[in-house]
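Morning, everyone. I have one structure to walk you through today. Please bring it up on your screens.

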Amino acid sequence: MHPMIRRREAVEATVARFAGKPLRYGRDDCARMAAFHVKRLGVQVQLVTMPRYGSAVGAARALKALECATLAEVVDRAGLPRIAPARVVLGDLLALPGPDDTVALHVAMGVDTSFGLIDGVFQPGRVHQVLTAWRTL
C-alpha cells in the first residue's frame, strides 16, 4: 500500500476514534491519541510504558517517573525521528503549545491544520506554532 494511503487511513481512524471526546487523563488524552495513531500506521517504536494516571497532577508525576520534562521527550524516547516543521506531511506528529506551559501532541492533517486536544476536546484546528515535529512513516 502506498505510504500516503496508509497515512490517510491512520488519520481517519484516529479522528474517528477521538473526535468530539473530552479530555480524560490516562484514557482519552494526547499521549493515548498519539500512541493510537502511530500503532494504526503500523510503525514499530520503542515501547515507553507510561505509569497510570488519571489527572493533570498524575500525568505530571508519570512524566517525572519517566525522567521526562514533556511529552516531546517521551516521543523522542520512542524513537521517532524529529523533522523540521516545514517538512511535516499528513499523519506526522506535532508538539504544540498546550495550556499552562505544557506540550500537546497533535496529528498533522494538512499544511496548517492538525487534530488534537483544543479547549479540552479532540477536534481539528489551525496550527499557529509548532514546537517540534516527528516523521511517523
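Let's begin with a cysteine. Cys30 has 10% relative accessibility, and buried means under 20%, so Cys30 counts as buried. Now Cys68. Its relative accessibility is 8%, so Cys68 counts as buried by that cut-off too. Keep in mind that this is a predicted model.

A disulfide is a covalent bond between the sulfur atoms of two cysteines. To be counted here, the two sulfurs must lie within 2.5 Å. For Cys30, the nearest cysteine sulfur belongs to Cys68, and it is 14 Å away. Cys68 is likewise in no disulfide.

Next, helix H1. It covers residues 3-18. What should its 16 residues span? At 1.5 Å a residue, the answer is 22 Å. The end C-alpha atoms of H1 are 22 Å apart, so the model agrees with that expectation.

Which residues of H1 are buried? They are Arg7, Ala10, Val11, Ala13, Thr14 and Phe18. Look down the axis of H1. The buried residues fall within an arc of 165°, so they line one face of the helix. Here is some background. An α-helix has 3.6 residues a turn, so residues three or four places apart point the same way.

What do the buried residues of H1 pack against? Helix H2, residues 30-41, is one partner. The others are strands S3 (103-108), S4 (113-118) and S5 (121-126). After H1 comes Gly20, with a positive phi near 80°.

Strands of a sheet pair through backbone hydrogen bonds, either parallel or antiparallel.

Zoom in on S4 and S5. They pair over 6 bridges, in the antiparallel sense. Ser114 stands opposite Gly125 in S5. The hairpin of S4 and S5 has 2 residues between the strands. In that hairpin, Asp119 takes a positive phi near 55°.

Terms used: Residues numbered from 1 in each chain as written. Predicted model: local features only at pLDDT ≥ 70, side-chain atom pairs only at ≥ 80, totals over all residues. Heavy atoms only, no water. Buried < 20%, exposed > 50% of the residue type's maximum accessible area, 1.4 Å probe, protein only. Helix = DSSP H or I, 4+ residues; strand = E, 2+ residues; numbered from the N terminus. Expected span 1.5 Å × (residues − 1). Arc of directions from axis to C-beta. Contact = heavy atoms within 4.5 Å. Pairing = 2+ DSSP bridges.
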